[in-house]
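The following account leads the reader through the structure shown below, from its overall composition to its individual strands and helices.

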Amino acid sequence: MSVEYVSQVDSTAGKSTAEDNTMESAAVGSAADRSAASDHAPDYPSSLVGTSVVTLDDISTSQIRELLHRAQYIDAHRKTVAHTCDGRVLATLFYEPSTRTRLSFETAMLRLGGQVIGFAGAQLSSVSKGESIADTLKTVSNYVDVVAIRHPKEGAALVASRAASVPVINAGDGGHMHPTQTLADLATLQSRFGRVQDLTVGLCGDLTFGRTVHSLIETLCRFGHVNFVLISPDELKTPQYVLDRINATETCSYVEVSDLAGSIGDLDVLYMTRVQKERFFNEDDYLRLRDTYILDADKMRLAKPDMAVLHPLPRVNEIAVEVDDDPRAAYFEQVKNGMLMRMALESAVIGDKLPGYEPLQQEEVRV
């Protein structure tokens, strides 16, 4: 039985709107389109001030490295940066449930000295009355300095960024992209290995609807020199546009396999994902697939002694609790890194300088 994606609808369901069409076209793009977008991203040391981040293609690899460096500085100078964003306001517009991402965005602004407004559910906003995303963003832009938006429909963040007069950060749009989670992932790789290149990265579980997987693969391809091992059942394989992105990168490669135990020994990084119940029409399909891969102590014994286990969370049962005490478990470290990277990004797009911070001396990025 094939797995079907759950189509998300709002109070305007049944009507084909210009906004819906924009979302649909925004969510579809070839590898060439995405590569061209990254080619036009501003180069270091161009400022991120005023920049919306819908995907990480909106910023250059040098700027990503700068954000990683900025987050490291923030972590080491918490008190020094505590008033960086005094007087600033962040809006968190979350049209679907979230714990870590929403609280991380909000905590990031609070730790920088700013404040937060927003909602955590479409039913709590005027979308329940039929208001469009564009109108919501045009309104909220009058109140705040930066917006973080999560929406169940692919392309919604792009619509929001075009309507807003302040920077918009995509906090996840459907099964499409999750750029700030990818920043957290990159920070964790940098912390564990001292690099984000020359790695064999396994991605396991729901590779069809996992927006964190799609974002991470596309961004690592921009840095290059990564071998991907794509581990999934046939029903949850990686979308073709993501495979096209890997194929378009000369220094990257991939294999698709279904056996976790048989491939774990080759990996530097294992990125586990949950099978997402909310993306299925048929609960029987979800129940059949959700326990396809469970990482436990027995499988960890097959892995390299320095392999890092990542997971965007929340987990259900795809990582056994016994793995938490393994030093290779890096998923709660990702949580901290996510907050630090959002602190770095929020202050950067607003344009507030971190006291005492010296920008990274950039080296040419190998591609």
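Which strands does helix 7 (residues 179-193) lie across, and at what angle does helix 7 run to strand 9? Helix 7 lies across strand 5, strand 8 and strand 9, and its direction is at about 170° to that of strand 9. Such angles run from 0 to 180 degrees between N-to-C directions, with axes fitted as lines to C-alpha atoms, for helices over the stretch in contact.

The model is a predicted one, in which local features need pLDDT of at least 70 and side-chain atom pairs count only at pLDDT 80 or more, while totals for chains, interfaces and linings use all residues. Residues are numbered from 1 along each chain as its sequence is written, and side-chain values use heavy atoms, with hydrogens and water left out.

The protein chain contains 13 helices and 9 strands; these are DSSP runs numbered from the N terminus, with helices (H or I) of at least four residues and strands (E) of at least two. Of its 367 residues, 57% count as buried, where buried means under 20% relative accessible area, exposed over 50% and partly exposed in between, with a 1.4 Å probe and protein chains only. The chain exposes about 15,400 Å², of which carbon and sulfur atoms supply 48%; the areas come from the Shrake-Rupley method with a 1.4 Å probe. Among contacts in the chain with a separation of 6 or more, 76% are between residues 24 or more positions apart, a contact being heavy atoms within 4.5 Å.

Confidence is expressed as pLDDT, the predictor's confidence in each residue, from 0 to 100. The chain averages a pLDDT of 84, and 79% of the residues score at least 70. Over residues 27-45 pLDDT stays under 50, and the model has 35 contacts beyond four places in sequence for this stretch. Residues 363-367 also stay under 50, with 12 contacts beyond four places in sequence. Where pLDDT is low, the predicted coordinates should not be read in detail.

Strand 1 and strand 2 run parallel and are joined by 6 bridges, and Leu90 stands opposite Val116 in strand 2.

How is strand 3 (residues 146-151) placed within the structure? Strand 3 is largely enclosed by the rest of the structure, because 6 of its 6 residues are buried. In a regular strand the side chains alternate between the two faces of the sheet. From strand 3, Val146, Ala148 and Arg150 point one way and Val147, Ile149 and His151 the other way, and all are buried. Strand 1 (residues 89-94) is joined to strand 3 by 5 bridges, and Val147 is the bridge partner of Ala91. With strand 4 (residues 168-173), strand 3 pairs in the parallel sense over 4 bridges; here Asp173 is the bridge partner of His151.

A second open sheet has 5 strands in the order 7-6-5-8-9, again with parallel pairing. Strand 7 and strand 9 (308-310) stand at its edges with a single partner strand each, so one side of each is left without a neighbour in the sheet. Its neighbouring strands are turned by 20° against each other on average, direction ignored. Strand 8 (residues 269-272) and strand 9 pair over 3 bridges, with Leu310 as the bridge partner of Tyr271.

In strand 6 (residues 226-231), 5 of the 6 residues are buried, so strand 6 is largely enclosed by the rest of the structure. Strand 5 (residues 199-204) runs parallel to strand 6 and is joined to it by 6 bridges, and Cys204 stands opposite Ile231. Strand 6 pairs with strand 7 (residues 253-257) over 5 bridges, and Asn227 stands opposite Ser253 in strand 7. Helix 9 lies across strand 6 and strand 7, running at about 140° to strand 7.

Technical notes:
Two strands pair if DSSP finds at least two bridges between them.
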